[in-house]
Amino acid sequence: MSEKPDIVIRREAGCVVVEFAVPRISEGTIVEAIQTTLTQLIENDPQQKIVIDFQRVELMSSATLGVLVRFYRDLAENGGRIVLCGLQPPVQKVFELTRLDQLFRIEKDLAAGLSRLAG
Amino acid sequence: MTENEKAGVEIVIAEDSRIQAKILDRRLTEAGHRVRWGENGRAALELVRQQRPAIIVSDIEMPTMTGYEFCKAVKGDPDLQTIPFILLSTLSDPLDIIRGLDAGADNYVTKPYEPDYLLGRIRSLLETPLAAEEAAESTIDVAIAGQTFKVKAGRQQVLNLLVSTFENAVAKNQELIQTNQDLATAKERLERNNQELKELNEKIATANDQMTRDLEAAARVQRSLLPAEEQLTFDCGDVAWRYVPCHGLAGDFLNVFKLDEEHLGLFVVDVSGHGVPSSLLSVTVGRFLTPKASDSSVLVRPGEDGTIVVVPPVEVATELNRQFQSEDFSELYFTFVYCVVNTKTGQVRYTASGHPPLLRLPAAGDAAFQTLHSLPIGFFPEAEYEEQTLQLEPGDRLYLYSDGVTEAMDKDLQQFGDDALVEVVTLNRSRPLDAGVSELLETITNRRQDCEMLHLP
């Protein structure tokens, strides 16, 4: 695979950082890829601390919300924690509109997200 | 065994390949013969001189005295010349026959040979012994391929050689016939496979047609969820709508209808995803969103004395969320905006569940979004929904739409956006409602094809 991955996963400060490295998350393969990735993370360790970095995402479809909400539920049930960070205004708007900004902990950037989970 | 012993004779073989020699040895021994082996012409000639065999079988290509040279040596020796000599040849060249004749060979067997065939040759040579006086009888000049060969051969020898050549040709011919038959069988099989493939393709095409018809039927069912006319007139005002699914089967739909004598209901539903699962869910949801007071309707319920009770929008959203948890519907969820308009007073009670906000355009003044944040339907069973109220005055317009309008993208991936929506509806405020909706749709269609909307004056 010489292509740049759409989803980058790395460990940082005791957390798993999931970076969506694509400008547009619409429907289809990328949403499926996110679902697969997140499901695997839960299966590996349902109690981990996870930061999802949206810094490079300019647009996100509503189909992605379903995947994120399910991930949140599965993680919360097992004692894991999740923080979203780096939401661009259009993405932030989708979260506000669906009131999911009340559900997810959302931080300005990755550093803030990591320190939120450090406690 | 007795017959074998009886028929068994002394045989000398010349063969440089140890493996070939062993195979030949075993075959001949099994047939009752006694075999001695020389690994080239010279060694075999020694064996022949030590003790005269009844027959000689020799390969041609060998180091230290070839088969031809070996044969010539045998046939040139008056004591040995009547020993029948079989050459194992590939017979790939007509000159091989001449060379064999020239060397005085009695018979050819082509390699690779059938053991039974070779044994047959040996038997027939033993049955027609060569007469000594005939062996070196005459000399024939043969010119072939620009070379002249002096062939010293007896009639019996020439005859044997010709017969063996002919038999070889017949054997080759039979091989060819067999090959042809194999080819014909293979061809038949190929044709049969082709036919099967063709039938399979036809089946797939038929299944495809069936699926296309089913999808078209599903799209028609979905259309039936929409109002019959794109322009509707009620005593309180006009409604205009457009519906453009971005895929053949969408999860979006809308409707507008009288709930009772005093109330008009309007909604837009946007099911996540697209295709068959989303459209199936939208049809199911549609059965709940009916103005007919029935068991399934969540919009109205029968009151006392045959009256109809209009369910408040917030209760509608809460009930839908109770009925349609996404876990039970393949993780599908939907957003929902619902207005109940009092046709006498112009009061609008509305709820929005994760749906883009209503846009209100007053008769005079700036357009304003009626933002109401709440969770989509289906995420959490315990979700709470809100309801708000606004007052419509004569000449006001109210827009309901899906995110297909504001998120419609142009080729540079720029979204249509809230500002453009406000701009287009404001520009068209003095035009008739339906014309304004058409204009808005056209503007968006030039970007991307998915929108639906409703106007209310």
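This report describes a sheet in chain A, a helix pair in chain B and the confidence of chain B.

## Basis

The model is predicted, so local features need pLDDT of at least 70 and side-chain atom pairs count only at pLDDT 80 or more, while totals for chains, interfaces and linings use all residues. Residues are numbered from 1 along each chain as its sequence is written, and side-chain values use heavy atoms, with hydrogens and water left out.

## Sheet of chain A

Chain A has an open sheet of 5 strands in the order 1-2-4-6-7, with mixed pairing. Strands are DSSP runs of E, at least two residues, and helices are runs of H or I, at least four, numbered from the N terminus. Two strands pair if DSSP finds at least two bridges between them. Strand 1 (7-12) and strand 7 (105-107) of chain A stand at the edges with a single partner strand each, so one side of each has no neighbour in the sheet.

Strand 1 and strand 2 (residues 15-20) of chain A run antiparallel and are joined by 6 bridges. Glu12(A) stands opposite Cys15(A) of strand 2.

## Helix pair of chain B

Helix 3 (residues 41-50) and helix 4 (residues 67-75) of chain B pack at about 25 degrees, with axes 9 Å apart. Axes are lines fitted to C-alpha atoms, for helices over the stretch in contact, and angles run from 0 to 180 degrees between N-to-C directions. The two helices of chain B are therefore roughly parallel (angles under 35 degrees).

## Confidence

Chain B has a mean pLDDT (the predictor's confidence in each residue, from 0 to 100) of 85, and 90% of its residues reach 70 or more.

Notes:
Chains lettered and ligands numbered in written order. Parallel < 35°, antiparallel > 145°, perpendicular 65-115°, else oblique.
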